[in-house]
Amino acid sequence: MLNSRFFVLFVLVMPVLLCCSRVSERFYLDLNVAESTPEGRHLLNYPADGMKVGVNPPGFTWTGNESAENYSFVLFHGSEGDKVHLIQEGLAPSVAVLKEPLEPGEYSWLVVYSDSTGQNTGRSRLRKFTVEQGLPVLVMPDLTQLKRQLKEVSPRLFLTPPVLSRIRETIEAGEMPFWEFCRHLADSALAEPLYPEPAPYKDGKFEASEWRRIYTPGKVGSAHIVRLALVWKITGESKYLEGAKRWLVNRAGWDPNGITSYNLPLPDGSHGNDEAGMAMLERMAIGYDWIGDELNSEEKALVLSSLKERGNQMLDYYTRNDFISAPWSNHAVRALAFTGLAGLAALGDLPEAEKWLDYVIRCYLTSFPTWGSDDGGWSQGLSYWSAYVLWQTNFIDALSLCSDVNLYKKPFFSNNGYFAVYFHPPYAVRGGFGDHGEVAPTLAEKLLVQRYARAFNDPILLWQSENIHYDESHLNRLQVLPGKMDWKEWFMEDVVAILSTPPSGLKPRSPAGLPQAKLLRDIGWTTMHSDLGNAENDVWVLFKSSPYGSFSHSHADQNSFQVNAFGKALIIDSGYYPWYGSPHHNLWTRMTRAHNSILINGRGQSSGTMAASGTIEEFEHTEALTVVTGECARAYNLPMNELTVKQWEEHLDEPVPGMEPEAQVVRRTVVFSHNKENPWIAVHDYLKTSGPATFDYMLHALEKMQLDQKNQRLLVKSGEVGLDVYFLSPERLDFQQFGKFPIAPEDRNEGAPEQWHFTAQTVEKTDEMRFLVLMIPRCPGEGANTGLKVKRLDYGTVQGFRVGDEKVLAWWGTGEKGDFSAAGSEEDAKLIIEYIEKGEKRKSLVN
């Protein structure tokens, strides 16, 4: 049953426009500032102080206050709270939306906290922002008006008359990708017997194979509805209509409050399988929109009853958990799109549908995206990004096609396509950080970026999309276990490809002219390229120090890096993703030791928590050089979570690492030379602990590395491509490598290739440690080096490398930084880079 109390609290009061005296302004400004510091799973204050917003009006979010039962949002004209523009009172969530655009100019805002008695307990800081002329307008729409507009519109989702005509014409011309594949799956679905509703979990206990047993018929059967209905709409052949009706009525007959519900508690102690429930809500809604007029009254009532229950489950979950203020459930983020589609499809047929749509759109205008912000990043990683945002854009496309609400105007979406261009170019053979980081660009990613290219008429995004070449390996990407038929039940890529309108009259353009480095501060990811867009020549590095820590699908990999060169992955994130929380996943893939990071006394960062975060402290980019610094000591000072400890003790012979000594400083600087002919990478680490410890410098590769401990060197190879790695350390290092996972990957990754794991461990314990590591990529066909001569430099308290005609020098005395006069420089610094840009010698200091 829908929790009406939460929904009533959620619905915003109509903005009150005030023309007030100075007393009114002073009343709010004179309240005590009692703002909480956002840490971990708390919304940030948005717009940030001094921000130039990218859309008019912005959606507002703020960090919740423990003393507050509700909030009053106050918006002022002027940067200093000069005059009240509007007030929204009695807000339970920590967000606010506006229904009208703002006039260009300066504004400021604050939030007043009220307790359960209605007494004001303080306020937030005053934050100013600027609305510039000509910004895209994105207001909270009038859904009552939208309902009137859509009353006689059928279908509403995707298949508007122009879109349907375009699809038919493209198919007739033989130019529609996946049409024959889609029709083949539809024909196969006609021959399939109806699936019975799955039995609950065996003994009421979650187990991965049981989880898949339950969700598979829910996903597959609901995908049958969409494909059959789509093929009917295109061809008009009645057999497809009858097939779609048969599957839709069958799904509607399953108990919406049972094993395929959205996580509802069940009598046996288990919960509904949300993977089944989400897919069924989305696809039953699409099916109802496309063939609802062909159902008899009894069938229609059954379908609407099921949609009502499933949609209300989602709204109840969202309001009960105040999801819009605390949007940290990954699956609930995904389900926003499905709930939105259901709201559009049933708007006018179910009174509840307007409430679903209201909540969903407010989320998109304010706290979405959970995993990033205006920069366009997605902290969960590239695989989860392409999947989740493809689902989100299904709803955004559907909404924009049947209304004038275009959520693509939000800055996140306008920047998000470049997440792929920079961090996952088409020639990448692996992904970046996070779960499924082993995956190259997929068909889902291709379709998503194609949508962005169309939405923004962007030739570089079209280049990205067109250069992702799909084949059977893309189509069979980890969707089913070996030996099972692949119905494309996760993403329905064939359906999405048919529905997606490609850009018209746009020619692709390479990203070669873009800046060769990019920082996404919202997620703490940086990428640096030598020749972006040139698959054969590009050398590129990824670096991460993220405010999202190791939460959800992120890993305990702050301050870690990856190296790719000439179409090969050299320094990689290690491990596989059999299922979330499997022993291999928890005890290897998610842990610091599986990444190119450092262990302190064998201890890595805490996994599974946003508190184990990192911070990008510095980012400096020129045409010739990029320098980025991250700090993440806090991530090492949190204990392992209970599940991981339990699995460790059950599956591993080694003891759980202790929590001593405390990490006081863990700071890493990555230097990247953008020279197209001879790029190089330097990584500098400074670590300080509260007591003596060992330090393990970890590197991972797909092939066995060649170690040269005497000369403190190693060679990493992938096919004919190599990476020469040179170590400098004030302590003696012991080089080791092993080629076997401590715990083997299970399930769908059982028997996957082993990887190679290198560690350089300090022989003696110390409470202060530094490393300087130089990496030189080696092109295919080259000899011992790339033509760059490398020389170690020792000036006593300053040491480093000469790399060709350039130098990278590090302070080698006591403390983190010092005087470089021994090396001929008068500056105090941690690191000095002497480099050449446009024929001139330059110097960069890292302090």
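**Exercises on a predicted model**

**Exercise 1.** Determine how the radius of gyration of the protein chain compares with that of a compact globule.

*Solution.* The radius of gyration is taken over C-alpha atoms, and the globule rule is 2.2 Å times the number of residues to the power 0.38. For 847 residues, a compact globule would have a radius of gyration near 29 Å. The protein chain has 28 Å, which agrees. Along the principal axes, the C-alpha atoms of the protein chain fill a box of roughly 85 × 75 × 60 Å.

This is a predicted model, in which local features need pLDDT of at least 70, side-chain atom pairs count only at pLDDT 80 or more, and totals for chains, interfaces and linings use all residues. Residues are numbered from 1 along each chain as its sequence is written, and side-chain values use heavy atoms, with hydrogens and water left out.

**Exercise 2.** State where Ser306 lies, decide whether Ser306 is buried or exposed, and list its contacts beyond four places in sequence.

*Solution.* Step one: Ser306 belongs to helix H9, residues 297-320 (helices, H or I, of at least four residues, and strands, E, of at least two, are DSSP runs numbered from the N terminus). Step two: the relative accessibility of Ser306 is 2%, so Ser306 counts as buried (buried means under 20% relative accessible area, exposed over 50%, partly exposed in between, with a 1.4 Å probe and protein chains only). Step three: leaving aside neighbours within four places in sequence, Ser306 is in contact with Ala252, Pro256 and Met284 (contact means heavy atoms within 4.5 Å).

**Exercise 3.** Give the number of helices and strands in the protein chain and its percentage of buried residues.

*Solution.* The protein chain has 20 helices and 33 strands. Of its 847 residues, 61% are buried.
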